[in-house]
Amino acid sequence: MKVSKDDHDHVIDVEVWYGGHLAPNVKERAPNIPKVPATLRESQKQKLPQWYKPSVISIGPYYYTSPRLTEAQKHKHGHAEKFIEETGQNKDVLYRQIREKTADLRKCYDRQGIQKEIDDNKLATIFLLDGCFVLHFIKHSIDDDGYNSSNNALTFTNHEMTHIKQDLFLLENQLPYEVLQLLFNHAGNDSNGRPAMEGMIKDFVASHVPFPRGISVEEVNPKPSHLLHYLQEVILGKSGSVSSQKQDESQIGRGRGRSKYFCKNVQELRKVGIHFKPSPTSYLTDVSFNSHFGTTGCLKLPAITMNTSTMIIFLNLIAFESSINTTNNLGVISYLCFLDSLIDRWADVKELQAAAILRNFVGDQGDVAQFFNNVCNKLVPDPSAYRDVILQIERHMDRHHSSRLREWYIQCKQKYFSSPWSCIALVAAIIGLSLTAIQAYTSVFSP
């Protein structure tokens with residue numbers, strides 16, 4: 001059918017209809033190195049948004065032209081050339097291998113986040129330069145625990161080392177893991193015939209696990225998109241998911257209409273005889289609850305260290321899991337929301353510290369509580385996460401509230417046996433009353 005000029009005046013604006021991103025019938029894969037969602041960035045307060053941005057070094061195209069990072073940019077080529085020299089590879093050969101895949105690798109990023117002047121040739125060079133830098137940095141930080149070269153171009157201070165390590169686990173500061181593989185596949189093998197750098201990367205990632213109690217990187221066989229994704233796979237463990245096994249439908253929703261994925265705070269759980277212990281490992285999936293005859297219970301949680309590095313890692317893992325279609329695994333978000341439901345104020349943090357579950361290097365206990373409350377305020381976890389644990393806690397609480405004897409027992413235990421001093425005071429009171437009774441008896445019935 002012939003379309004008249006008037007008809008053209010009434011055609012739907014394609015750019016508006018598709019949000020300025022996609023043309024009709026064109027599908028793009030979701031980037032696995034996306035920009036931090038705007039809603040998440042705007043919801044954080046004060047200095048938290050700065051923790052999404054690199055402080056010393058830019059990796060990848062997003063911050064390539066940032067004026068703040070130009071000083072470190074000057075030193076990259078020295079590290080890159082050193083890596084190529086140490087591994088006996090050829091720079092031009094590596095560039096051609098990367099250039100052949102650049103068009104596909106570009107799709108790992110949000111296309112609106114890459115400046116228009118970065119064509120495929122420049123992007124391939126960024127991949128080569130940054131990839132060699134990252135591998136050289138990892139190799140020396142694992143081998144030497146720092147750089148001691150007399151060549152100033154290859155030397156970082158301890159302060160810079162710490163911040164570079166943090167920068168390598170920021171969502172917007174990632175390289176596709178495929179780039180790293182292209183660079184280390186022919187960089188030498190270990191005694192098992194595997195690329196030696198592969199093991200070094202594992203050790204480097206493992207060193208950034210918050211309080212790595214019982215965690216074995218060898219047990220994890222991740223296929224990461226990038227280093228941050230690798231870290232997520234490691235701290236979630238073998239199962240890689242916090243979703244509980246399917247329960248009988250009759251069990252779901254029991255417990256007086258409580259939220260499916262929220263729990264009472266620490267102080268309220270203590271009132272019903274529940275105490276806390278660190279789990280055998282620090283995998284975020286290692287959460288369990290045991291009720292002892294319906295009178296007392298033990299909630300085991302993975303131990304973690306709270307410091308600035310931990311907070312930065314958590315914020316960027318949250319951003320990664322919150323990004324549309326980047327991952328179906330909400331393991332970190334779900335655990336932090338579960339922990340947030342346990343922490344309402346400083347007293348809850350104090351209790352978890354006493355149980356060796358939280359190691360606090362942030363400062364005041366109230367600051368830790370505020371961090372969880374602020375960060376988790378608008379997050380939506382996996383509704384099935386820790387469902388079996390929450391159901392067990394709810395049943396324990398229901399049994400406790402239906403038994404006055406248990407309630408009396410718990411109150412007496414908390415009041416008189418919560419510490420050695422309260423026990424001593426109770427014993428002293430009993431002895432005092434006994435001596436008083438004996439004295440009264442002897443004064444009345446003495447001959």
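## Aromatic residues

One aromatic cluster is formed by F133, F137, F169 and F204. The model is a predicted one, in which local features need pLDDT of at least 70 and side-chain atom pairs count only at pLDDT 80 or more, while totals for chains, interfaces and linings use all residues. Residues are numbered from 1 along each chain as its sequence is written, and side-chain values use heavy atoms, with hydrogens and water left out.

A pair of aromatic rings is described by the distance of the centres and the angle of the planes. Rings of Phe, Tyr and Trp (its six-membered ring) pair here if their centres lie within 6.5 Å, and planes under 30 degrees apart count as stacked, over 60 as edge-to-face and the rest as tilted. By this rule the count comes to 10 aromatic pairs. One of them joins Y335 and Y386, whose ring centres are 6.3 Å apart and whose planes stand at 70°, so this pair is edge-to-face. The two residues come from distant parts of the chain, 51 residues apart, with Y335 in helix 13 (residues 331-342) and Y386 in the loop between helix 15 (365-375) and helix 16 (387-401); helices (H or I, at least four residues) and strands (E, at least two) are DSSP runs, numbered from the N terminus. Y335 and Y386 are both buried, where buried means under 20% relative accessible area, exposed over 50% and partly exposed in between (1.4 Å probe, protein chains only). F371 and F372 also form an edge-to-face pair, at 5.6 Å centre to centre and with 75° between the planes, and both F371 and F372 are buried.

## A lysine over two tyrosine rings

A charge sits over a ring if NZ of Lys or CZ of Arg is within 6 Å of the ring centre and within 35 degrees of the ring normal. K35 lies over the face of Y62, at 4.8 Å from the ring centre, and the charged end of K35 also sits over the ring of Y63, 5.4 Å from the centre of that ring.

I59 has its place in the loop between helix 3 (38-43) and helix 4 (70-86), and with a relative accessibility of 2% it counts as buried. Apart from neighbours within four places in sequence, I59 is in contact (heavy atoms within 4.5 Å) with D130, F133, V134, L168, E172, N173, Q174 and L175. I59 and I126 are separated by 67 residues in sequence, while their C-alpha atoms are 8.2 Å apart in space.

N173 is found in the loop between helix 7 (158-167) and helix 8 (177-184), and N173 counts as buried at 1% relative accessibility. The side chain of N173 reaches the backbone nitrogen of I59 at 2.8 Å; a polar contact is a pair of N or O atoms within 3.5 Å, where within protein one must be able to donate a hydrogen and the other to accept it, and residues adjacent in sequence count only if both atoms are side-chain atoms. When neighbours within four places in sequence are left aside, N173 is in contact with P54, I57, S58, I59, Y63 and D167.

Strands of a sheet pair through backbone hydrogen bonds, either parallel or antiparallel. The open sheet in this model has 3 strands in the order 1-3-2, with mixed pairing, two strands being paired if DSSP finds at least two bridges between them. Strand 1 and strand 2 (288-292) are the edge strands, each pairing on one side only, and the twist averages 20° from one strand to the next. Angles run from 0 to 180 degrees between N-to-C directions, and axes are lines fitted to C-alpha atoms, for helices over the stretch in contact.

Strand 1 pairs with strand 3 in the parallel sense over 5 bridges, and the bridge partner of H275 in strand 3 is C298. Helix 16 packs on the sheet, where it touches strand 1, strand 2 and strand 3, and its direction makes about 25° with that of strand 2. Strand 2 and strand 3 pair in the antiparallel sense, also over 5 bridges, and N290 has C298 as its bridge partner in strand 3. Strand 3 is mostly covered, with 5 of its 6 residues buried.

Helix 14 (residues 346-354) has A347, D348, V349 and L352 as its buried residues. These residues pack against helix 11 (266-271), strand 1 (274-278), strand 3 (296-301), helix 13, strand 5 (358-360) and helix 15. Helix 14 is followed by A356, which has a positive phi near 65°.

E321 belongs to helix 12 (residues 308-322) and counts as buried at 3% relative accessibility. Its side chain reaches the backbone nitrogen of V332 at 3.0 Å.
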